[in-house]
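This report describes side-chain contacts in a predicted model.

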Amino acid sequence: MPGIDACLHEIMALPGARGAAIVDWTSGLALGTAGESPNGDHETTATETAELARAAAEYPAFAPAAERIRPEAGNAKGPPVEDLIVTTRTGYHVLRFVETTFDSSVFLHLWLDRDTGNLALARLRLQQLAERLVLA
């Protein structure tokens, strides 16, 4: 089970990976970063992506209908969203929520080059890493 540094190392090994971070979406703080940042500053990127993650996690429009009608029908451990993909002209930003035993407010952020990256592979690997990540 990888910790933060090992997880970031595995993310950066993905084809086309330009940068990665593990972010707390309630505070906007980066718990760890690797590679480049889209705007040159990992902390600013963490804050900006946290706003997007927070909106997706908290807005009822993203919760499945069964969870809106009967909250007990859904998975109460984490947000209703598994991941987010933002597509730009040159890349993809993939945000993958991490379920934890405590307050699940962490996500993985991968900045992936559009020409050399493989979005499907990246999503699968982020899912696997999120399931194995150990936060201490």
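E10 has a relative accessible area of 24%, so it counts as partly exposed. Its salt-bridge partner is R132, with 3.4 Å between the closest N and O atoms. Because R132 lies in helix α4 and E10 in helix α1, this pair ties together parts that are 122 residues apart in sequence. R132 is partly exposed as well, at 31% relative accessible area.

The whole structure has six salt bridges. Three of them are listed here.

| Salt bridge | N to O distance |
|---|---|
| E10 and R132 | 3.4 Å |
| E82 and R96 | 3.9 Å |
| D83 and R96 | 3.5 Å |

R96 takes part in a salt bridge with E82 and in another with D83. Salt bridges with shared partners join E82, D83, R96 and R123 into one network.

W25 and F97 pair edge-to-face, with 6.3 Å from centre to centre and 85 degrees between the planes. W25 sits in the loop between β1 (17-24) and β2 (29-35), while F97 is in strand β4 (residues 91-98), so the pair ties together parts that are 72 residues apart in sequence. Both W25 and F97 are buried. F97 also pairs with F107; the ring centres are 6.4 Å apart and the planes are at 55 degrees, so this pair is tilted. It links F97 in strand β4 with F107 in strand β5 (residues 106-113), ten residues apart. F107 has 0% relative accessibility and therefore counts as buried. Through these ring pairs, W25, F97 and F107 form a cluster.

The last topic is the nonpolar cores. In the largest nonpolar core, which has 20 residues, C7, I11, I22, L108 and L110 touch the most other members. At least two residues of this core come from each of α1 (4-12), β1, β4, β5 and α4 (119-132). Leaving aside residues up to four places away in sequence, I11 touches A17, A20, L108, L110, L126 and L129. A second, separate core has 14 residues, including W25, A46, A56 and L84.

Note on methods: Residues numbered from 1 in each chain as written. Predicted model: local features only at pLDDT ≥ 70, side-chain atom pairs only at ≥ 80, totals over all residues. Heavy atoms only, no water. Phe/Tyr/Trp six-rings, centres within 6.5 Å; stacked < 30°, edge-to-face > 60°. Helix = DSSP H or I, 4+ residues; strand = E, 2+ residues; numbered from the N terminus. Buried < 20%, exposed > 50% of the residue type's maximum accessible area, 1.4 Å probe, protein only. Core = buried A, V, L, I, M, F, W, Y, C linked by side-chain atoms within 4.5 Å. Contact = heavy atoms within 4.5 Å. Salt bridge = Lys/Arg side-chain N within 4 Å of Asp/Glu carboxyl O.
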